[in-house]
Amino acid sequence: MMPSLAELDRSNVVDVDLGSAEFKANAHRHMAEWARRRPFYVLGKGPPQVVVGRYADVHRVFSDTETFKSEMPRGPGWEQFNKIMFAQFVTQMDGEQHARVRRLLMPAFSSRRIEQLQDSITRIVDGMLDRIEANGPEFDGMQDFGAHLVVDALLDAMVNMDGRRKAIFVAFHDVIPGTTYVKPGESWSPELRRAFDRTMEEVRAIIEERRVSPRSDFISDLVNARDQGDKLSDSELFDQIFGICGASLSATSRAAGGALYLLYTHPEQLEQLTRNPALIPDALEECFRLASNGYFTFPRIATRDTEVGGTTILKGMVVRPSPLAPNYDPDVFPDPTRFDIHRKPKRILSFGAGPHHCIGNILGRTTITIAIRSLLARFPKAHLIDPGFTPVYGGAVGELRLQSLPMKTH
């Protein structure tokens, strides 16, 4: 049931299209503004939303899972908030169900498992760089590199997918952002439904293959996950693999795109990394602070009337905590819009906080670190073709999916 809007402070309503190309083109300016203002209302298409941007406010929403539930309503009017459609991923669970499923997922994302993946990821990244070298000197930092961190590095290294299967998951990556642009009451398009069905068919086939012939890979880890006799049900197993391989891994390519753009538009700092690769992990934390994969994570819904940062939130309202805006909060990060590879930022919220802190954050960090370290080692003179390049972003509402980054190897 939609909340009544009669008691909202109308002076705190902002007229903005949160998914428009114009908004995304200026997203980082908006983040700096959100980081300084109290939560505000957006009364666009669908249920009213509360956008939360200041560090302390966002941290509270992430952490107070009793007041701000992750499991969104289903049915007419709520289509745009169910990004992965019919599946229920761990990020959209609450309470004991969330704790239980997350506990069963953890071994597949453990430091030990990720260490085992590093050699495979490095080999695949080197192969991507071989192709760039063979076809150079011009290449696209996103189309030829950043975007492939999901398709090649992660789906191949984690799941051992063949080319046919990868094509199905890539097609799903390309269309799934459309769910967030569906108007209230509209159904998902036939294209989306076909992509969902094809991807789920492959997930079922992969699970069955691993049950018959287990491998040392991510899917087998989930199929065989046990905790004191407990295991994922068939539907839970389908939904988690679908959510991770079909949607969530793309966050790595978005974060990689943000890092590439920041590093190559700051050539003096980039040169320091080339000379001293030991600086790369700290530099990437600064990249994640300023240009992570998007300005919204999964939405929350208020379970009761409350307030955050002086703004009234009614029971049933959609609450949109930004994982990116808090990293621009000057009370936490002095001179926040300045990019500084020596900053060593702590407690960034790019990967969330509280019980829903991103389960794959170590995997994402590891993959991007390998990618950037290998790129700088192979092409130390690489640069943007146009130093004044203006980025264009696509993706779902809340995502900053860099479309292109024209570069040269020397």
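1. Let's start with Arg-347: at 59% relative accessibility it counts as exposed (over 50% relative accessible area is exposed, under 20% buried, and anything in between partly exposed, using a 1.4 Å probe and protein chains only). Arg-347 has a positive phi of about 60 degrees, although it is not a glycine. You'll find Arg-347 in the loop between S8 and H15 (helices are DSSP runs of H or I with at least four residues, strands are runs of E with at least two, and both are numbered from the N terminus).

2. Before going on, bear in mind that this is a predicted model, where local features need pLDDT of at least 70 and side-chain atom pairs count only at pLDDT 80 or more, while totals for chains, interfaces and linings use all residues. Residues are numbered from 1 along each chain as its sequence is written, and side-chain values use heavy atoms, with hydrogens and water left out.

3. Lys-344 sits in the loop between strand S8 (318–321) and helix H15 (361–378). Its phi is near 55 degrees, a positive value in a residue other than glycine. Lys-344 counts as partly exposed because its relative accessibility is 48%. For the backbone, there is also a cis peptide bond to look at: it joins Gly-136 and Pro-137, with omega about 10 degrees. Pro-137 belongs to the loop between helix H5 (111–135) and S4. As background, most residues other than glycine have a negative phi, and most peptide bonds are trans.

4. S8 is worth a look as a strand. Val-318 and Arg-320 point one way, Val-319 and Pro-321 point the other way, and all are buried. In a regular strand the side chains alternate between the two faces of the sheet. S8 runs parallel to strand S2 (residues 49–52), joined by four bridges (two strands pair if DSSP finds at least two bridges between them). Arg-320 is the S8 bridge partner of Val-51. Strand S5 (residues 300–302) runs antiparallel to S8, with two bridges, and there Val-319 is the partner of Arg-300.

5. Then there is an open sheet of three strands, in the order S4-S12-S9, with antiparallel pairing. Strand S4 (138–140) and strand S9 (383–384) are at the edges with a single partner strand each, so one side of each has no neighbour in the sheet. S9 pairs with strand S12 (residues 406–408) in the antiparallel sense over two bridges, and Leu-384 stands opposite Met-407 in S12.

6. Which residues line the largest cavity? They are His-28, Arg-254, Gly-257, Gly-258, Ala-291, Ser-292, Tyr-393, Leu-400 and Leu-402 (a cavity is a set of points on a 1 Å grid over the protein atoms alone where a 1.4 Å probe fits but cannot get out; a pocket is an open set with protein on both sides within 12 Å along at least five of seven lines; lining residues have an atom within 4 Å of a point). H12 gives the largest share of that lining, three residues. The volume of this cavity is about 50 Å³, and the structure holds one cavity of 30 Å³ or more.

7. The second largest pocket has about 350 Å³ of space (a volume is the space filled by probe spheres set on the grid points, which are joined across faces, edges and corners). It is lined by 17 residues, and the closest to its centre are Ala-147, His-173, Asp-174, Ser-253 and Arg-401. Helix H6 (142–146), helix H7 (148–159), helix H8 (163–175), H12 and strand S11 (401–402) each give two or more residues to this lining.

8. His-266 is in the loop between helix H12 (250–264) and helix H13 (267–275). With a relative accessible area of 26%, His-266 is partly exposed. A polar atom of its side chain lies 2.7 Å from the backbone oxygen of Leu-262.

9. Is Glu-285 buried or exposed? At 17% relative accessibility, Glu-285 counts as buried. It is part of helix H14 (residues 280–291), and its side chain makes a polar contact of 2.7 Å with that of Arg-365 (a polar contact is a pair of N or O atoms within 3.5 Å; within protein, one must be able to donate a hydrogen and the other to accept it, and residues adjacent in sequence count only if both atoms are side-chain atoms).
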